[in-house]
Amino acid sequence: MMRLVRAGRRAFTGNADVLADDDHRAQVTDYFADLVRPFDAGPVTDLSGQSYGEMAKALVSDVVPPTEPVDLLVLAFSIHDVWPGRATATYLSHVCPGTPMSFAVCDQGSASPFTGLRLIGDYGVRRALLVVVEQAALPYESAAATPSAHRGVAMLYEGSAGARATEVLQYPDVGPDTVAELARRGVAELSAGHPGARVALSDSLAAVWPDHPDHTRAPAGQPTTGVWWDLAGAHEDTVLAGDYDPELRYLCLARVAADQSSVD
């Protein structure tokens with residue numbers, strides 16, 4: 001089984017460097033204005049926020065030494081960033097040691113990082129990097145909840161070729177009234193043989209599973225990175241991570257084994 005050998009996390013402030021380019025700002029402002037015009041989302045007048053390419057490049061530098069080439073990189077995010085026309089995963093392959101094959105996973109809400117772990121397991125590579133990012137600005141009116149801050153997490157997994165990255169359980173179309181029982185069964189399955197594993201839950205999952213007897217609850221306001229931010233700072237050999245997306249009705253659980261000598 002692959003282990004988490006190194007993890008890094010960063011909070012980012014201000015705007016992406018690319019927004020200092022007046023031409024880029026104007027082009028992207030027009031793009032978003034065209035995109036949202038049919039939905040009466042109001043004018044696009046204040047383009048601000050972060051670029052996932054810039055955020056992830058910094059995280060890659062933190063986590064991946066030049067002497068440890070990566071075979072596979074998966075970028076997971078939910079809302080878009082301020083460079084919507086960029087093939088960000090391809091760009092990250094260029095800046096990551098090893099020039100890895102790369103994927104981007106989006107449109108799955110908080111399930112995206114779990115799908116990223118499942119992809120890593122399916123490809124059975126020796127070394128893989130999962131990058132989870134979210135930025136906290138939308139340049140138009142939206143009913144979607146935006147994150148409280150720009151944050152990113154990078155997790156480097158390593159193991160023998162063909163090993164699974166971790167154990168992942170994903171359940172689609174789960175209503176809030178059935179989350180607790182399904183999550184309870186999933187945690188029991190993942191914790192079998194790992195009696196000391198800590199359970200880390202996102203704020204959204206903890207809210208619909210209040211009677212879980214012992215867990216760490218990620219702070220509210222970071223729907224995509226919250227539970228992974230917690231995991232990146234973990235000090236246990238095994239952590240069970242759980243998240244629930246109430247809008248898309250995805251329940252996801254994962255067991256992550258870590259080499260704590262390398263996790264920061």
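In which sense do strand β7 and strand β9 pair, and over how many bridges? I looked it up in what is a predicted model: β7 (residues 198-201) and β9 (residues 238-245) run in the parallel sense, paired over four bridges. Val-199 has Leu-240 of β9 standing opposite.

**Entry: the sheet**

I then traced the sheet those two strands belong to. I get five strands in an open sheet, in the order β6-β10-β9-β7-β8, and the pairing is mixed. At the edges I find β6 (167-171) and β8 (216-217), each of which pairs on one side only.

Next I checked which helices lie against the sheet. Helix α4 (residues 112-123) packs on it and touches β6, β9 and β10 (250-257). The direction of α4 makes about 130° with that of β6. Helix α5 (residues 179-191) also packs on the sheet, with contacts to β6, β7, β9 and β10. For α5 I noted an angle of about 20° with the direction of β10.

**Entry: helix α4**

I did a quick length check on α4. Its twelve residues, at 1.5 Å a residue, should span 16 Å, and the end C-alpha atoms are 17 Å apart, which agrees. I also listed what is buried in α4: Ser-112, Pro-113, Phe-114, Thr-115, Gly-116, Leu-117, Ile-120 and Gly-121. Just after the helix, Gly-124 has a positive phi of about 55°.

**Entry: helix α3**

Which residues of helix α3 are buried? In this helix (residues 88-95) I find Thr-88, Ala-89, Leu-92 and Ser-93. Viewed down the axis of α3, they fall within an arc of 145°, so they line one face of the helix. An α-helix has 3.6 residues a turn, so residues three or four places apart point the same way. Thr-90 and His-94, on the other side of α3, are exposed. The cover over the buried residues includes α2 (52-63), β2 (72-76) and β3 (101-105).

**Entry: salt bridges**

How many salt bridges does the structure hold? I get eleven, and I looked at a few of them.

Glu-181 and Arg-185 meet through their side chains at 3.8 Å, N to O. They sit four residues apart in helix α5, so about one helical turn separates them. Both ends are partly exposed: Glu-181 has a relative accessible area of 39%, and Arg-185 has 48%.

Asp-211 forms a salt bridge with Arg-184, where the closest N and O atoms are 3.2 Å apart. Asp-211 is in the loop between α6 (203-208) and β8 while Arg-184 is in helix α5, so this pair ties together parts 27 residues apart in sequence. Arg-184 counts as partly exposed at 33% relative accessibility.

Asp-203 pairs with Arg-217 in another salt bridge, and here the closest N and O atoms are 2.9 Å apart. This one links distant parts of the chain, with Asp-203 in helix α6 and Arg-217 in strand β8, 14 residues apart. I have Asp-203 down as partly exposed, with a relative accessible area of 27%. Arg-217 is partly exposed too, at 43%.

Methods
Residues are numbered from 1 along each chain as its sequence is written. This is a predicted model: local features need pLDDT of at least 70, side-chain atom pairs count only at pLDDT 80 or more; totals for chains, interfaces and linings use all residues. Side-chain values use heavy atoms; hydrogens and water are left out. Two strands pair if DSSP finds at least two bridges between them. Contact means heavy atoms within 4.5 Å. Axes are lines fitted to C-alpha atoms, for helices over the stretch in contact, and angles run from 0 to 180 degrees between N-to-C directions. Buried means under 20% relative accessible area, exposed over 50%, partly exposed in between (1.4 Å probe, protein chains only). The arc is that of the directions from the helix axis to the C-beta atoms. A salt bridge is a side-chain nitrogen of Lys or Arg within 4 Å of a carboxyl oxygen of Asp or Glu. The expected span of a helix is 1.5 Å times one less than its number of residues.
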